[in-house]
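Q: I have a structure open and want to go through its local details. Can you take my questions one at a time?
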Amino acid sequence: MDEKIMRSLIDKELLANYDASPGFDLEHLEAFKKSSYEMEKQNVKDDAAVRVYEKMIDGPEGAPPVKLRIYEPADRGEGLLPCAMFFHGGGFLFGSVLRQNDMCLRFVKNVGIVVVSVEYRLSPEYKAPAPIEDAYAALVWLDKNGASIGVDSSKIAITGLSAGGGITAALALMTRDRKGPKPVLQIPMYAMLDYRADTYSQKAVTSRKVWCYDYSKIGWREYLEEGREVTCYDSPILAEDLSGLPPVFSFIGTVDPLLDENVEYWNRLIRAGVPVEYHIFPGCYHSFEIAVPESHYAKMAYGLMYSALKRAFGME
C-alpha cells in the first residue's frame with residue numbers, strides 16, 4: 001500500500017519506531033545475519049531477578065546438538081516450576097536465542113516460571129523440516145529431563161513469534177501426530193503459517209520498514225527445498241485435521257501481513273473444538289510488542305499473555 005496510507009493506519013505510539021526502522025536487508029542475507037547477531041549480543045541485558053544459563057542437548061538423529069538458553073527466577077525455591085518453551089523470530093533466516101531475550105525475562109518475572117529458549121537451525125543452510133525437528137527433540141528432552149533443570153514436565157507450554165510462531169504451531173501438530181509430549185498451551189504469536197503468502201493482508205503490507213510481503217516471500221523461498229512436497233509441519237495452514245491440539249492463545253496487529261492467515265487458522269481451530277483465545281490490536285505492525293514494549297497495546301498483549309500462561313499452569 002501507499003506509504004502515506006500505511007503511516008495513517010499505524011498507532012501513534014508506534015510511529016516513531018516505524019519511521020526509525022532500517023528494515024531487514026535480506027537481499028544480502030549472510031552479511032545481515034552477522035550484523036543482526038552482533039546487535040542481538042549488544043542488546044542482551046542482565047536482570048538480577050533472573051538467572052540465565054545455556055545447555056547443549058542431543059539434536060535429532062544425525063543432526064547437530066541443540067542449544068537451550070534457560071531462564072529461571074533467581075530466588076526460586078526447591079520445587080519444580082512450570083515451563084514455557086520459546087522459539088525466536090527471524091523469518092526462518094536469522095535470529096538466535098538472544099533475539100527475544102527481553103520477552104523471556106518478562107515471562108520469568110511476571111509469571112514465575114522457567115523459560116527454555118531453543119536454538120533451532122536456520123535456512124538457507126538448513127531447509128525444512130530441520131527447525132521443527134530441532135523443536136521436537138527439545139520438547140521430548142524437556143518432557144523426559146525437565147526435573148534436572150527444575151521443570152514440572154506436566155506443565156509445559158510452547159510459545160514463539162513470527163517464524164517461531166510457525167514452529168510453535170507445527171510442533172503442536174507434530175507432537176500430537178507422533179503421540180509425544182502434550183503441552184498444556186500453545187502461543188503461536190503472529191505466526192508464519194502459510195507458505196503461499198498470497199492473502200490480502202500479505203499483499204497489502206509492502207513497507208520494508210517492518211515485516212512485509214517481500215520478506216515473507218524471501219523467507220519461505222529460502223526455507224523450503226525446491227521439489228519437496230510441503231507438509232503441515234512446514235506450513236501449518238495445510239493441516240486438514242486440527243482436532244486434539246493444545247489450547248491456543250495468540251494475538252496480532254491489523255497492520256501485519258500475517259493477519260489473514262492467522263485469523264483463518266484460529267477460526268479453523270475453533271471449529272475443530274480447540275479452545276482458542278485471540279486478540280487483534282488496531283494499528284499494530286509485526287512484532288509491535290517487541291519494538292515498543294511500553295506502548296498501550298504492547299502492555300495489553302503482555303498482560304493477556306501472562307494471564308493465559310497462569311491459567312494454563314493452574315497459577316490463577
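Q: Is Phe92 buried or exposed?
A: Phe92 is buried, with a relative accessibility of 2%. Keep in mind that this is a predicted model.

Q: Where does Phe92 sit in the chain?
A: Phe92 is in the loop between β3 (81-87) and α4. Its phi is positive, about 70°, although Phe92 is not a glycine.

Q: Ser287 is also not a glycine and has a positive phi; what is the value?
A: Phi of Ser287 is near 65°. Ser287 lies in the loop between β8 (276-285) and α10 (288-291).

Q: Ser287, buried or exposed?
A: Buried, because its relative accessibility is 18% and the cut-off for buried is under 20%.

Q: Back to α4. How many of its residues are buried?
A: Helix α4 covers residues 101-111, and eight of those 11 are buried. Among them are Met103, Cys104, Leu105, Arg106 and Phe107.

Q: What comes after the helix?
A: Gly112 follows α4, and its phi is positive, near 80°.

Q: Arg106 is on that buried list. Which ring does Arg106 lie over?
A: Arg106 lies over the face of Tyr302, 4.8 Å from the ring centre. There is also Arg121, whose charged end sits over the ring of Tyr126 at 5.2 Å from the centre.

Q: Cysteines next. How many disulfides are there?
A: Zero, in a search of the whole structure.

Q: Moving on to aromatics. How many pairs in the whole structure?
A: The search finds 19 aromatic pairs.

Q: What is the geometry of Tyr18 and Tyr285?
A: The ring centres are 6.1 Å apart and the planes are at 40°, so the pair is tilted.

Q: Which parts does that pair tie together?
A: Tyr18 is in helix α2 (residues 12-20) and Tyr285 is in strand β8, so the pair ties together parts 267 residues apart in sequence. Both Tyr18 and Tyr285 are buried.

Q: Which kind of pair do Phe92 and Tyr223 form?
A: Phe92 and Tyr223 are stacked, with 3.9 Å from centre to centre and 0° between the planes. Tyr223 lies in helix α8 (residues 213-223) and Phe92 in the loop between β3 and α4, so this pair ties together parts 131 residues apart in sequence. Tyr223 is buried, at a relative accessible area of 1%.

Q: Which residues make up the cluster that includes Phe288?
A: Phe288 forms one aromatic cluster with Tyr190, Phe249, Phe251, Phe281 and Tyr297.

Q: Last topic, peptide bonds. Is the one from Ser123 to Pro124 cis or trans?
A: It is cis, with omega near 5°. Pro124 is in the loop between β4 (114-119) and α5 (130-145).

Q: And what about Ala128 and Pro129?
A: Ala128 and Pro129 are joined by a cis peptide bond, with omega about 15°. Pro129 is placed in the loop between β4 and α5.

Terms used:
Residues are numbered from 1 along each chain as its sequence is written. This is a predicted model: local features need pLDDT of at least 70, side-chain atom pairs count only at pLDDT 80 or more; totals for chains, interfaces and linings use all residues. Side-chain values use heavy atoms; hydrogens and water are left out. Buried means under 20% relative accessible area, exposed over 50%, partly exposed in between (1.4 Å probe, protein chains only). Helices (H or I, at least four residues) and strands (E, at least two) are DSSP runs, numbered from the N terminus. A disulfide is a pair of cysteine sulfur atoms within 2.5 Å. Rings of Phe, Tyr and Trp (its six-membered ring) pair if their centres lie within 6.5 Å; planes under 30 degrees apart count as stacked, over 60 as edge-to-face and the rest as tilted. A charge sits over a ring if NZ of Lys or CZ of Arg is within 6 Å of the ring centre and within 35 degrees of the ring normal.
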